[in-house]
Amino acid sequence: MLRSVILAAAGSSRLGRLVSGNSVSKGLAARFVAGDGVEDALTVARTLIDDGLTVTCQHLGAETTNAEQARAVRDEYVTLLGRLKGAGLTPATEVSIKLSALGQRFDDKLAYEYAESVCAAATEAGTAVTLDAEDHTTTDSTLEILAGLRKDHPETGAVLQAYLRRTEGDCRELAAAGSRVRLCKGAYAEPESVAYQSALDVDKSFVRCLNILMSGSGYPMVATHDPRLIAIAEDRARWFDRSAEEYEFQMLYGMRTEEQARLAAAGNVVRVYLPYGEQWYGYLMRRLAERPATAALLGRALATK
Ligand code: FAD
């Protein structure tokens, strides 16, 4: 219930303006977001890499509604990739991108064209792009765009969400040589017709998907903070005889940092998802929806301001 309320609030631009201008919420956002600009992303990425982690950088922005806005997002990523290369932060840093920011909602051909430019810039910088997964209405289009991009940029990564009923089938399609797949639970409010609703069903689906990816010949990227699923992933990696270079763990910046360090110290590749940008409100709200304890903290702080 609380989760759906917070997810609904994540889409409210009025509430967004109110929260974004508040110093308490800005302070909370700093725990999960590198900062407003590319320079902040570079600084934090360097610290994470020095700590033995790897990084995927994401520029936070609203869904775009016209070509000009989408082109600005493309340009932001091209600049970011050039700066990452110039700073010597590639290949340890890759980038994650939402196709909705490149225009997928109003022109999927344009989104493809812009994503292709970002992939070309990533190749030039010696790194790769992963296409974030958004709500289920975009899944078919995103997987089609991925297939097109992988022709020239086979290292382009996909994200599959275990809460979607279709995902086991998508895992089978993508568990092939050269394919990079991030498996996560899924962060959007989805209807029962397409998505498992109970935490237990989502977890069971996650494990079935993990089995498919770990037993396949692609590169699984296990994106979760859930201790039980992390332990199962470690177990499956042993069972399917995968070396540490043949899969990776991923977690969000600011979440379970001790666990990130523990996994890295044990020899695992651990990639930190590092968002930056001025439009952090929606991202922060999705994180709060996952952690009601943090949401309560923010609510109390705002109320006493
Ligand atoms: P949860 O279900 O949130 O938590 C399970 C258990 O883990 C909790 O009960 C608790 O015991 C423990 N736990 C979780 N967080 C913490 C914490 N901070 N401190 C201590 N214990 C904790 N979603 C998308 O829809 N599309 C994407 O493209 C996408 N990309 C992602 C990329 C990365 C790298 C990650 C990590 C997540 C991504 N997500 C994405 C979000 C994802 O779908 C989940 O919404 C989110 O990760 C929460 O699920 P969880 O598996 O981490 O565990």
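Biologist: What does the side chain of Glu-94 make a polar contact with?
Modeller: This is a predicted model. In it, the side chain of Glu-94 makes a polar contact with the side chain of Thr-56, at 2.8 Å. The side chain of Arg-180 also makes a polar contact with that of Glu-94, at 2.3 Å.

Biologist: Is Glu-94 buried or exposed?
Modeller: Glu-94 is buried, because its relative accessible area is 1% and the cut-off for buried is under 20%.

Biologist: Where is Glu-94 found?
Modeller: In strand β2, which covers residues 93-97.

Biologist: And which residues is Glu-94 in contact with, leaving aside neighbours within four places in sequence?
Modeller: Among them are Val-55, Cys-57, Thr-127, Ala-128, Thr-130 and Arg-271.

Biologist: Changing topic to helix α6. What span should its 17 residues have?
Modeller: 24 Å, at 1.5 Å a residue. The end C-alpha atoms of α6 (residues 108-124) are 24 Å apart, so the two values agree.

Biologist: Which residues of α6 are buried?
Modeller: Leu-110, Ala-111, Tyr-114, Ala-115, Val-118, Cys-119, Ala-121 and Ala-122.

Biologist: Why would residues three or four places apart point the same way?
Modeller: An α-helix has 3.6 residues a turn, so residues at that spacing point the same way.

Biologist: What do the buried residues of α6 pack against?
Modeller: They pack against α5 (67-86), β2, β3 (129-131) and α7 (139-152). β2 is also the strand where Glu-94 is found.

Biologist: What about the start of α6?
Modeller: There, a side-chain oxygen of Asp-107 reaches to within 3.2 Å of the backbone nitrogen of Lys-109.

Biologist: And what follows α6?
Modeller: Gly-126, with a positive phi near 75 degrees.

Key:
Residues numbered from 1 in each chain as written. Predicted model: local features only at pLDDT ≥ 70, side-chain atom pairs only at ≥ 80, totals over all residues. Heavy atoms only, no water. Helix = DSSP H or I, 4+ residues; strand = E, 2+ residues; numbered from the N terminus. Buried < 20%, exposed > 50% of the residue type's maximum accessible area, 1.4 Å probe, protein only. Polar contact = N/O pair within 3.5 Å; in protein donor to acceptor, adjacent residues only side chain to side chain. Contact = heavy atoms within 4.5 Å. Expected span 1.5 Å × (residues − 1).
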